[in-house]
Amino acid sequence: MLPVEVLQLLAPQPGQTFVDATVGVGGHARLLAEQLGPTGRLIGLDQDSSMLEVAQSRLQGFPVTLMQANFDQLREVLDHLHLQTVDGVLADLGICSDQLDQAERGFSFQQEGPLDMRLDTSHGEPASTLLRRLSERELADLIWQYGEERFSRRIARRIVEARRQAPLETTQQLAELVRRCVPRQKGRHTIDPATRTFQALRIAVNDELAALEGLLQVLPRCVAPGGRVAVISFHSLEDRRVKQTFANRERWEVLTRKPVQAQEEEAQRNPRARSAKLRAARRKAEDGGDT
Ligand SMILES: C[S@@+](CC[C@H](N)C(=O)[O-])C[C@H]1O[C@@H](n2cnc3c(N)ncnc32)[C@H](O)[C@@H]1O
């Protein structure tokens, strides 16, 4: 996503150390590693071990350290690697299409799979458990807040009615239920009515806003003065938090007065790019670096 713009804003130099906090399949990581060169170092994090395997093969031959970690643990990761600070951090939030394509992960409403949606499947609550546990009100709030879904109350009511008969266990059960609640829109760029509810559940299952908050909080203690940070977000709540963080002028110099968005050509190739917003900032030298 936005590869040229990310490189321009992060401006990686040979010999520097960067963190790709969401390494995914290693697309951005490879571009960064090429710029950092043989004397530089790239640290790649992902919560999903299956993504690290893909990234590993794509990044072979580069000085890269890959670790399974939530990016809100960035300070601990750097301590573990005996690094005080790094010169740049990239976070490209959300999930990759490779994860959507793994039906057994439950991220996709287009394929039959268990309602899991955990990025790290070694712990936490799968989406099916959340759908069983939450009250109708809590479900409606979650779908409204994280999915910006106008029909959240109706969907929550149907979920509660359905689970009285039998628990919702599969992606198709949920997708069909949502499709029956949401009228289909007409037009060129219409999305499946299940999109927003699936997004909301994924954000809740992985506590994605809390993780972003954790990352934003520790950045001043991880990035060297003059170092750069870039965040690509897909949700207005995420973008708002990034914007607010960089608005601290004592700490950050904003490099993107407005969020950078994908050109039409990239949006055509990749519909997800349509909602991507890239913001970047440079760490100022004056403050002590604590949160
Ligand atoms: C949009 S993809 C990144 C794609 C990557 N930039 C590339 O070029 O391949 C987001 C990745 O971040 C991971 N991720 C999401 N939240 C995370 C978190 N809190 N900590 C670590 N990794 C996370 C996901 O598992 C996914 O692999």
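**View 1. Helices H7 and H8 of the predicted model cross in a right-handed sense.** Helix H7 spans residues 136-147 and helix H8 spans residues 152-165; the two pack at an angle of about 140°, with their axes 8 Å apart. That angle makes H7 oblique to H8, because only angles over 145 degrees count as roughly antiparallel. On the H7 side, the contact is formed by Glu136, Leu139, Ala140, Ile143 and Trp144. Their partners in H8 are Ser152, Arg153, Ile155, Ala156, Arg157, Ile159, Val160 and Arg163. Sorted by class, the residues of this contact are eight nonpolar, one polar and four charged.

**View 2. Helices H11 and H12 pack with their axes 10 Å apart.** H11 covers residues 208-218, H12 covers residues 236-246, and the angle between them is about 15°. H11 is therefore roughly parallel to H12, as angles under 35 degrees are counted in that class. The crossing of H11 with H12 is right-handed. H11 contributes Glu208, Leu209, Leu212, Glu213 and Leu216 to the contact, and H12 contributes Leu237, Glu238, Arg241, Val242 and Thr245. Five nonpolar, one polar and four charged residues make up the contact of H11 with H12.

**View 3. Helix H1, residues 3-10, has buried residues at Glu5, Val6, Leu9 and Leu10.** Viewed down the axis of H1, these buried residues fall within an arc of 115°, so they line one face of the helix. The face turned away from the buried side carries the exposed residues Val4 and Gln8. Several elements cover the buried residues of H1, including helix H2 (27-36) and strand E1 (17-20). Strands E4 (86-92), E5 (223-233) and E7 (277-283) are also among the covering elements. After H1 comes Ala11, which has a positive phi, near 45°.

**View 4. Arg202 lies in helix H10, residues 195-205.** The relative accessible area of Arg202 is 13%. Arg202 is therefore buried, since the cut-off for a buried residue is under 20%. Leaving aside residues up to four places away in sequence, Arg202 touches Gly94, Ile95, Phe107, Met117 and Glu208.

Definitions and conventions
Residues are numbered from 1 along each chain as its sequence is written. This is a predicted model: local features need pLDDT of at least 70, side-chain atom pairs count only at pLDDT 80 or more; totals for chains, interfaces and linings use all residues. Side-chain values use heavy atoms; hydrogens and water are left out. Buried means under 20% relative accessible area, exposed over 50%, partly exposed in between (1.4 Å probe, protein chains only). Helices (H or I, at least four residues) and strands (E, at least two) are DSSP runs, numbered from the N terminus. The arc is that of the directions from the helix axis to the C-beta atoms. Contact means heavy atoms within 4.5 Å. Axes are lines fitted to C-alpha atoms, for helices over the stretch in contact, and angles run from 0 to 180 degrees between N-to-C directions. Angles under 35 degrees count as roughly parallel, over 145 as roughly antiparallel, 65 to 115 as roughly perpendicular and the rest as oblique. A crossing is left-handed if the near helix is turned anticlockwise from the far one by less than a right angle, and right-handed if clockwise. Ala, Val, Leu, Ile, Met, Phe, Trp, Tyr, Cys and Pro count as nonpolar, Asp, Glu, Lys and Arg as charged, and the others, Gly among them, as polar.
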